[in-house]
Amino acid sequence: MLENYEREFTELFRRLMRLEIILRERLLFSAEKIYGDKTYEIFKEFFINPYIYERYDAKNSGNKILKIIKNKHFKKNTKFVKLIYSLYLSHLLEFVLTYKQFYSNVKLLECFYKIKPKNKHEFQLLRKKRDLIKNLRNDVIHFNFENYEDNKENYLEALSLFEIHLGCQELIRG
């Protein structure tokens, strides 16, 4: 079965990786540009939300989110960078699409999006499609061929939408 999907899943994994990398880079760039030294303080509440940090517990090593937050040796903006790089793709998408301190700042969004959603409807469409991105990632990583086939059209539409808004479309050919 894998032979049938090997090339397709490899390409999808590459696109998802690039999307995630660009998502992180654009988030860090835009937040630093707009908020500077205050970035961590402005977004701290997102990370101390139990709904978020509880998902990062590891039996042997503890909670990586709380370790970063409690580390007294890191400067605040270093904490923010480390926290962003620690988040799962699903939480990154949640951060940029549902966390009010992020999505409500027009200047921040101008820096973040390569092609900013034109209106509230387009922004809501991105919000709605974020679960498809998360599910696509999980189907590819876990070789869930059946679920992928059932949702392929919706997955590819959602992935393309995010790639366009984040400026990945020139990268998917390269």
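**The aromatic cluster and its surroundings**

In this predicted model, a cluster is formed by ring pairs that link Y35, F43, F46, F47, F80, F95, Y99, F102, F112 and Y113. The count of aromatic pairs comes to 24. One of them joins Y35 and F43: their ring centres are 5.5 Å apart and their planes stand at 80°, so this pair is edge-to-face, the angle being over 60 degrees.

F43 also pairs with F80, and here the arrangement is stacked, with 5.5 Å from centre to centre and 25° between the planes. F43 belongs to helix α2 (residues 39-47) and F80 to helix α5 (residues 76-86), so the pair ties together parts that are 37 residues apart in sequence. Both F43 and F80 are buried. For F43 the relative accessible area is 0%, and F43 is therefore counted as buried, the limit being under 20%.

A further contact with an aromatic ring involves a charged residue. R127 lies over the face of Y103, at 4.5 Å from the ring centre. Y103 and R127 are also among the residues that line the second largest pocket. Helices α8 (106-112) and α9 each supply at least two lining residues, and the largest share, 4 residues, comes from α9.

The largest pocket has a volume of about 260 Å³. Among the residues that line it are F13, L16, M17, E20, I21, Y88 and R137. The elements giving two or more residues to this lining are α1 (2-35), α6 (89-98) and α9 (120-141). Helix α1 provides the largest share, 5 residues. The lining of the largest pocket comprises 7 nonpolar, 2 polar and 3 charged residues.

E20, one of the residues lining the largest pocket, also takes part in a salt bridge with R24, at 2.4 Å from N to O. Both residues lie in helix α1, 4 residues apart, which is about one turn of the helix. R24 counts as buried because its relative accessibility is 8%, under the 20% limit.

Helix α1 carries other charged contacts as well. The salt bridges found in the whole structure number 7. R14 forms one with E11, where the closest N and O atoms are 2.9 Å apart. These two residues are 3 residues apart in helix α1, so about one helical turn separates them. E11 is partly exposed, with a relative accessibility of 30%.

A salt bridge between E8 and K152, at 2.9 Å from N to O, links distant parts of the chain: E8 lies in helix α1 and K152 in helix α10 (residues 145-166), 144 residues apart. Both ends are partly exposed, E8 with a relative accessible area of 25% and K152 with 26%.

Helix α1 also contains I22, a buried residue with a relative accessible area of 10%. The C-alpha atom of I22 is separated by 9.3 Å from that of E163, although the two residues are 141 residues apart along the chain.

Methods: Residues are numbered from 1 along each chain as its sequence is written. This is a predicted model: local features need pLDDT of at least 70, side-chain atom pairs count only at pLDDT 80 or more; totals for chains, interfaces and linings use all residues. Side-chain values use heavy atoms; hydrogens and water are left out. Rings of Phe, Tyr and Trp (its six-membered ring) pair if their centres lie within 6.5 Å; planes under 30 degrees apart count as stacked, over 60 as edge-to-face and the rest as tilted. Buried means under 20% relative accessible area, exposed over 50%, partly exposed in between (1.4 Å probe, protein chains only). A charge sits over a ring if NZ of Lys or CZ of Arg is within 6 Å of the ring centre and within 35 degrees of the ring normal. On a 1 Å grid over the protein atoms alone, a cavity is a set of points where a 1.4 Å probe fits but cannot get out, and a pocket is an open set with protein on both sides within 12 Å along at least five of seven lines; lining residues have an atom within 4 Å of a point. Grid points are joined across faces, edges and corners, and a volume is the space filled by probe spheres set on the points. Ala, Val, Leu, Ile, Met, Phe, Trp, Tyr, Cys and Pro count as nonpolar, Asp, Glu, Lys and Arg as charged, and the others, Gly among them, as polar. A salt bridge is a side-chain nitrogen of Lys or Arg within 4 Å of a carboxyl oxygen of Asp or Glu.
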